[in-house]
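Dear colleague,

I am handing over the structure we spoke about, together with some notes on its aromatic rings. Please have it open beside this message as you read.

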Amino acid sequence: MSETIHHKPSNKTIDVRAPVADINNLRKLNDFYWTDKKEPHTYRRKEILRRHPEVSKLTGHEPLTKYIIFCVVSLQFFCAYSLRNTPVFSFKFLSIAYLIGATANQNCFLAIHEMSHNLAFKEPLHNQLYSIVANLPIGIPYSASFKPYHQLHHKFLGDVQFDTDLPTRFEAIFLSNIFGKAFFATFQLFFYALRPMFITSVKFTIVHFLNVLVQVLVDYVMVEQWGVNSLYYFLISSFLAGSLHPCAGHFISEHYILNPPTSQEYIQSKSLYINTVMENETVPPPETYSYYGILNFFTWNVGLHNEHHDFPYVAWSKLFKLNEIANEFYEPLPKTKSWAYTIVDFVCNKDITLWNRVKRDLADAKAKEKVDLNVN
């Protein structure tokens, strides 16, 4: 199983509301980890700021980000030009697309993620416009849509109505077997692209229009001048970046419960509705995992995911500093040591399925109606 670290169990009484069923079979119930508690990051952020007020100085954009993005985008256009006459299904083309293209495009995906939090420029509009530049090697316009969906993911983590990062019940039913999980891990990007259509929608804005217009225009000019193989390089790189690629392990590593309860002491936490009392608080299983390995170098330190969700306006360059300052908070939290092995474990481990996500439906109905899906 993925190597993780968890909080030590409390000695206090555990009170669990579970459906009527044989206790030994509760782990086999096909349902998500439902909780009636809000996501933990808000609570931890307040406590960290109380103990370490200096953390607030870490927030703000990182000027270096825009230069790195320009270099990565330039590298991808250079590779696309170099492979313009290389057969798509040749070893050279596919190996470069996997080793360089997929890694670079994963970097572009996560550069757009950084800019969705306004961490490359001070002005939100500048981040939105430069995201269109980072989008170019991906081949398909998506940066404008990503920002509102991702902000909903942060504001309503695990919410069944707004968090499009959550697998649907349909996905969990049909893909929670070894072949289904292998299919899911291979075609993750398609699930992330299509799922929002069935959950929530965002308004089409002028930035969306610019994103589409610029991407289509650049794709057209590139095909006209260099040939269609250059565009195929972008598209195949994007597909591989979200498929069976080590960097793609972060998609699964971030919020799936990789070490589901198996001991008799915690077997009931897989009930339909979790209400485990620990330290006088009712808490769901840990739902965010971090990764501190070398692949963070290529992915804007997105592996420090507990840190990122606690402080989404701390740029990639300061996340390790955040961990250092508040290490007593982050050391006990679950973490994985390998994104590549996380993919293998997800596919092969029968205890890790698409059901292994914490879900909640807690946002006030009126508040949901007033949510602006095009926030800055």
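For what follows, a residue counts as exposed when its relative accessible area is over 50%, as buried when that area is under 20%, and as partly exposed in between. By that rule phenylalanine 170 is exposed, and phenylalanine 174 is exposed as well. Please keep in mind that this is a predicted model.

These two residues both belong to helix H6, which covers residues 169–175, and they are four residues apart there, about one turn of the helix. In total, the structure holds 24 aromatic pairs. The ring centres of phenylalanine 170 and phenylalanine 174 are 4.7 Å apart and the ring planes stand at 45°, so this pair is tilted.

Phenylalanine 187 and phenylalanine 190 also make a tilted pair, because their ring centres lie 6.1 Å apart with the planes at 45°. Phenylalanine 187 counts as partly exposed because its relative accessibility is 28%, and phenylalanine 190 is likewise partly exposed, with a relative accessible area of 46%. Both residues belong to one aromatic cluster, which is formed by Phe183, Phe184, Phe187, Phe190, Phe191, Phe239, Tyr256 and Phe346.

Tyrosine 256, a member of that cluster, also has a charged residue over its face, namely arginine 357, at 4.9 Å from the ring centre. Elsewhere, the ring of tyrosine 81 has the charged end of arginine 84 sitting over it, 3.9 Å from the centre of the ring.

Note on methods. Residues are numbered from 1 along each chain as its sequence is written. This is a predicted model: local features need pLDDT of at least 70, side-chain atom pairs count only at pLDDT 80 or more; totals for chains, interfaces and linings use all residues. Side-chain values use heavy atoms; hydrogens and water are left out. Rings of Phe, Tyr and Trp (its six-membered ring) pair if their centres lie within 6.5 Å; planes under 30 degrees apart count as stacked, over 60 as edge-to-face and the rest as tilted. Buried means under 20% relative accessible area, exposed over 50%, partly exposed in between (1.4 Å probe, protein chains only). A charge sits over a ring if NZ of Lys or CZ of Arg is within 6 Å of the ring centre and within 35 degrees of the ring normal.
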